[in-house]
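Colleague: I would like to learn how to read the features of a model one by one, beginning with a sheet and ending with the backbone. Could you take me through an example?

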Amino acid sequence: MSIERFDASKQLFVVAKGNEDLANGSRKAKGKAGAAKAYVTRSAAVKKLQCSLADFRRLCILKGIFPREPRHRKKANKGSSAPTSFYYAKDIAYLAHEPILRKLRDHKAFAKKLSRALGRGEWSSAKSLEEHKPVYTLDHIIKERYPTFVDAVRDIDDALCLISIFANLPSNPRIPPSLIENCTRLSNEWQLYVMRSQSLRKVFLSIKGVYYQAEVMGQTVTWLVPYMFTQNIPTDVDVRVMLTFLELYQTLLGFVFFKLYTDLALIYPPPLDAAKDEAAAGVGAYNLQERTVMHPGSEANDGVSHNIVDVTGKKISAKDVRQTIKSIAATQGDVMETAPEPQAEIVAEEEEDFVAQPSTSDPSSSTNLPTLKSLTALPSSVNTHLFAPYTFFLSRETPRPLFEFVLRAFGGRVGWTPTQGGGSPIQEDDESITHVIVDRPTQAQNSDQVTSEIGKESEAVRDLRRRRKYVQPQWVVDCVNKGKVLLEGPYERGKTLPPHLSPFGDANGAYDPEAAMVLDPTSKDMEDADEEESADEEVSVPVADPEDPSALRAAELEAEAAGVDFGTFEKAVKKQNRKAAQGPSLDVVDRESDMKKMMLSRKKRKLYEKMKYTEEKKAREVSA
C-alpha cells in the first residue's frame, strides 16, 4: 500500500489510499450506527449492568422498561437471525444510573457475608449483618413515573386488581401472611374512600368476579375483585414477577390513598379497631377520623412544646415565645392593629382561583387544566343517594362484603346476621328495614305446614314481614347500573331473574333482551301496511317531492280528478316515502361496493373482507 506524504499549510497529513472511503467518512463501520446502535439485546444489557437476570427483570418492572420490536431484527442483531429480546440502548443507559441497582449489588454482597458468617458459626456477626441489611425504597420511582397526581389515579386499575387478588390468596412460603394482610388493608382503605366519596358508578357480576367502576378526580377507574372462594395458586404462574409488580403497586397506592384521604380532610391511614377486626367486621373495623387543622394561635398547641435554643444557650419554649409576643402587643397597640393583616392576605390568597398561564412555546395550546375545585364543582350525572331512603338486611347466604360496599356507596344502611361477622348496626328485628336480600331457593311445602308456621308467628312478626320487600341480590346491581330503583316484582324470591348484562362498552349491535318486548315499527307494522296495500287497488300517483306542500297538493288534486279517494292516496304517499327512505336498491349498493373494492389494493381488500366477515358473524350471533 503506497503512502504519499505532503505538506500543506504547514500541516502534515497522512492519507492511506486503500482506505480513502473510511478516511473521508462516506462509509460507516458495521454495527456502529442505525438499528444496531439504537437497540441492545437482553444478554448484552445484563452484561453491561453487571447484574443477574432476575435483578434485571425486577429493574425493568419497577422502572417501566419493556422489550421493543425493531423494524429490522436482523439489522438490530448485527446480522444474526437468532430469536432474542431487544431493548432501547438509551433505556439501558438510564438503568445504569439507578440507585436501586446499587442497592441490589449491596444486597448480593450482604447475602454472601451472611452465609459465610452462618457457616462459620459467628452468630454475633450474623446478627449485626441482619440489623444493617440494605433496604431500598421506591418513592423516587413513583415520582418519576407519575409526574402528576392525575397520572397516578389513571394508572391504579391494575394495582387495585392485583391487591384484590393477593388479599384473597392463602399464605405459603412464597407469599407471607404479612403481605396478604397489607393487601387486605389497602383494599379496605380503597373501599372506604369510594363509600365516603360516593364515587361508585357501575357494578357487573361476571364469572371471573365482580367488576367495579368508579370516578375519582375526573378519571374512570375499573377494577376486578374475585369472589370469596378458596383460591389455589397455579403452578405455571411465576409468582416472583407478580410480587415485583405488587411491591411497586403497594407504594403507588400508599401515595394515592394519602392524597385522596387528605383531600377529604381524613386521617390516613385510618385507625383500625382490633376488637372489631377480630370479630370479622371487615371495613367496619376502620374508623374514619376527620383531620383537625390546628392554627398557630389556638390553645390546643399549648401542650406541644418546641424547644428553641437562644444565642446564649438558654432554651426557650414555644409558650414563652407566645407570652412575650402578647406582652409586646399589649404595650404597643398600633402594632397589634397592623399585625393581623398578613394573615388576612394569606387567607385571601388561599381562596383565589387557579389562573392558568399561557404556554410560551405553544401559545395556541389550551390552558384549561382540571383542578380539585373544578372537579368537585362538576354536576354529578348519577344519583349517588340511590339507596338513601332504604334500609337493607343481608341474609346469611349473601356475600356481605360485596353488597355492603355497593349499598353503602349509594347511601344505604346495611345490616347482617351475626354469622357473617360482628359490628352490624342493624338487627334483624329492626322496624326500619325496608328490603331483605335473600339468595336461597324456595322450598315446596304443603298447605298444612304453611298454616302451622303462620299460626306460630305473632301478629307483629307477620306485619313486619309484610312491610318488607324480599328481593334477590341482582336487584341491587341492576338498580345501580340503571341509575334508578327498579320494581321488586321481577326480582322476588324464587322468580326467574331477567338477564344481567354488562354495563361496560358500547351497546350498539349487542344483544338487547328488552328489544323483543317493544314493537318494532320497521318490521311488523311495515308488513301489515304492505298487506293492506296489496289488498287495496294499486294507485300510481307520482309525487315529485313528498316533503313539498305545493307538490303534495297538486298530486292530491290529480288523484281526486282521477276518482281516487283520500285514504288510498294517503297510503300511496306513505309507501312512496318508505321507498325513498330505504334508499337505492340492494343491487345498486352491491355494484357500488364491488366497484369500490376493485379500487383497493390487494392487502387492503383482504383486510376489508376480513372486517366484513367479522361484522356478519357478529350479526348472526346477535340474531341467533
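Colleague: Which residue of β7 is the bridge partner of Val216?

Modeller: Please keep in mind that this is a predicted model. The bridge partner of Val216 in β7 is Gln219, and that pair belongs to the antiparallel pairing of strand β6 (residues 209-216) with β7, which extends over 8 bridges.

Colleague: What is the strand order of the sheet to which these strands belong?

Modeller: The order is β5-β6-β7, in an open sheet of 3 strands with antiparallel pairing. Because β5 (200-205) and β7 each have a single partner strand, they stand at the edges, and one side of each is left without a neighbour in the sheet. On average, and with direction ignored, neighbouring strands here are turned by 15° against each other.

Colleague: Which helix lies across β5, β6 and β7, and at what angle does it run to β5?

Modeller: That helix is α19, which lies across these three strands and runs at about 150° to β5.

Colleague: How should I read the packing of two helices, and what are the values for α19 and α22?

Modeller: In general, two packed helices are described by the angle between their axes and the distance between the axes. Here, the axes of helix α19 (residues 400-409) and helix α22 (residues 474-482) come within 11 Å and cross at roughly 35°, and the crossing in which α19 passes α22 is left-handed. On the α19 side the contact is made by Phe403, Val406 and Leu407, and on the α22 side by Val476, Val477 and Val480. When these contact residues are sorted by class, 6 are nonpolar, while none is polar and none is charged.

Colleague: How many cavities of 30 Å³ or more does a search of the whole structure find, and which residues line the largest cavity?

Modeller: The search finds 1 cavity of 30 Å³ or more, and about 30 Å³ of space lies in the largest cavity. Its lining is made by Leu160, Ile163, Ser164, Ser187, Trp190, Trp223 and Val225. The elements that contribute two or more residues to this lining are α11 (157-167), α12 (177-197) and β7 (219-226), and α11 gives the most, with 3 residues. In terms of class, the lining of the largest cavity has 5 nonpolar and 2 polar residues and no charged ones.

Colleague: Finally, for the backbone, which two residues does a cis peptide bond join, and which residue has a positive phi although it is not a glycine?

Modeller: The cis peptide bond joins Tyr268 and Pro269, with omega at about -5°, and Pro269 lies in the loop between α13 (239-263) and α14 (274-278). The residue with the positive phi is Gln50, at about 60°, and Gln50 is found in the loop between α3 (42-49) and α4 (53-63).

Note on methods. Residues numbered from 1 in each chain as written. Predicted model: local features only at pLDDT ≥ 70, side-chain atom pairs only at ≥ 80, totals over all residues. Heavy atoms only, no water. Axes fitted to C-alpha atoms, helices over the stretch in contact; angles between N-to-C directions. Helix = DSSP H or I, 4+ residues; strand = E, 2+ residues; numbered from the N terminus. Left-handed = near helix turned anticlockwise from the far one by under 90°. Contact = heavy atoms within 4.5 Å. Nonpolar A, V, L, I, M, F, W, Y, C, P; charged D, E, K, R; others polar. 1 Å grid on protein atoms, 1.4 Å probe; cavity = no way out; pocket = protein on both sides within 12 Å on 5 of 7 lines; lining within 4 Å. Points joined across faces, edges and corners; volume = space filled by probe spheres on them. Pairing = 2+ DSSP bridges.
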